[in-house]
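Please look over the sequence and the model before reading on.

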Amino acid sequence: MIFGKKKTADKKETSGEPQVPNLEIKAAGVPKEEAVGLLIACRQLPGYPLAVILLANAINSRADRILIDFSAQGAVPRYRVDGIWEALPAMDRPTADALLVVWKKVLGLNPAERKARQDGKFATNFRDIDWVISFMSTGVPSGERVLFTIERKKPVLKTLADLGMRDSVQESFKGLMNGDKGMVVISAPPTHGLPTTWRLALDNADKFVRDWVLIDNKKNQEADIINVTEFFYEDGGETPEAVFDKVRLKQPDVYVLPSLIGPQIVEALLNQIHKEQKHSVTRIVANDAIDAVSQILKGNPKHAKAILGVMQGVLNQRLIRRLCESCKQAYAPTPQLLQKLNLPAGRVPKLYKPTIPPPPEQRVDAKGNPIEIEICKRCNGRGYFGRMALFELLIINDKMRQAIAQLLDKPDELRKFAKQNGHSGFLEEGILACALGQTSLEEVQRILQSK
Ligand SMILES: [Zn+2]
């Protein structure tokens, strides 16, 4: 790693300048000729090699974010890999400044501006994959903060199975999505992949025999969903009510509402569900399924009872790291552990844990001599590689509906009730993923504790 190397190596090393990857940078919103000129000029800048290496290393490490915090002393870059922030060795201030000048210049921003927020976007191709990268810099009390968001241009995930949804859950969820006269809710905590699951759930729903329409605010427009006709209202333009009325005349079968918008739309939607047997799908950011139900009902007090009446199921998910298949270690769980996990004895002979090498300063023997430790090449010693989702699917039948109506202000009692009635929550789903060797108990614990 280049930053680690810089600390110990002589600055004027001659034995090989770092190899600068060939990264074309196509800045968005900058006229093409100007962009070419900027790129040529930037290649001459002293910070160019490091600017490009920082990004290339991030992509090589599967990072989806780069964060650089500038202070008076220097700058600390961090990569986010599988949802975990990893600090890289600190850079001195002149090095970091030189690097930042390159990014600001190449994106047509003002390098001298260190306080006001500046945004840029660019496309690049690296390792035969097209990437879309957003850049943001802004002044903060301690100095300046820079954030890169790294995304693939073409999404890799195509089905809910790719996300790790079990067959039986897929079956139930598809039944809900393809049902009628009701409402399905898709939810997740912040940063747990809700936009992706939303897209996959809709992409994979049966849209050949039924017409699906989406109504949303123009400013929230996301990537197109296959075979869902989209209608937008705009601030200062057509109202949501007017758009809903127009859409209603087309007699669609399923209304997709990324948010329930307001009481008038909710009333119109409920009318469509009750009188015209229409179906609907909505989404909300929530910690678990019960939280999603609670937020929707409390957020629409006037129609809470009617909404609960048509709600058929709630999906919630949390992202969890997958164990690295190359270095995960099997161990035999003790009978006590199995009992604690509520797993029948004999059914799960092995559980797995990650291989995490000790930090470099501890890689010494009793005499203080360094020892060689082999680091897994696939996960680079992280012990995990990639992520999957744990899903909880709360089916709202009459029994559950009654309990929700009575216990809405006691969510923990409601969770207990759901569990007693066969609902499988994140703990149960997590233990199942461990039994299948997909993840570790400590990772499940980490995910359950995160708020
Ligand atoms: Zn590994």
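A nonpolar core here is a set of buried Ala, Val, Leu, Ile, Met, Phe, Trp, Tyr and Cys residues joined through C-beta atoms within 7 Å; a residue is buried if 20 or more other C-beta atoms lie within 10 Å of its own, exposed if 12 or fewer, and partly exposed in between, with C-beta atoms placed from the backbone. Helices (H or I, at least four residues) and strands (E, at least two) are DSSP runs, numbered from the N terminus.

This is a predicted model, in which local features need pLDDT of at least 70 and side-chain atom pairs count only at pLDDT 80 or more, whereas totals for chains, interfaces and linings use all residues. Residues are numbered from 1 along each chain as its sequence is written.

When residues up to four places away in sequence are not counted, Ala-292 touches Val-185, Ser-187, Ile-284, Ala-286, Val-314 and Asn-316, contact being defined as C-beta atoms, placed from the backbone, that lie within 7 Å.

An open sheet is formed by 7 strands in the order S11-S10-S12-S13-S9-S14-S17, with mixed pairing; two strands pair if DSSP finds at least two bridges between them. Strand S11 (229-233) and S17 are the edge strands, each pairing on one side only. On average, neighbouring strands of this sheet are turned by 20° against each other, direction ignored, where axes are lines fitted to C-alpha atoms, for helices over the stretch in contact, and angles run from 0 to 180 degrees between N-to-C directions.

Strand S10, residues 212-217, pairs with S11 in the parallel sense over 5 bridges, and Val-213 stands opposite Thr-229 in S11. Helix H15 (residues 441-449) packs on the sheet, where it touches strand S14 (311-323) and S17, and its direction makes about 130° with that of S14.

**Two loop residues with positive phi**

Lys-181, in the loop between helix H5 (167-177) and strand S9 (183-188), has a phi near 50°, a positive value in a residue other than glycine. Lys-181 is partly exposed, with 14 other C-beta atoms within 10 Å.

Asn-380, in the loop between strand S16 (351-353) and S17, has a phi near 60°, again a positive value in a residue other than glycine. Asn-380 is partly exposed, with 17 other C-beta atoms within 10 Å.

How values were computed: Two residues are in contact if their C-beta atoms, placed from the backbone, lie within 7 Å.
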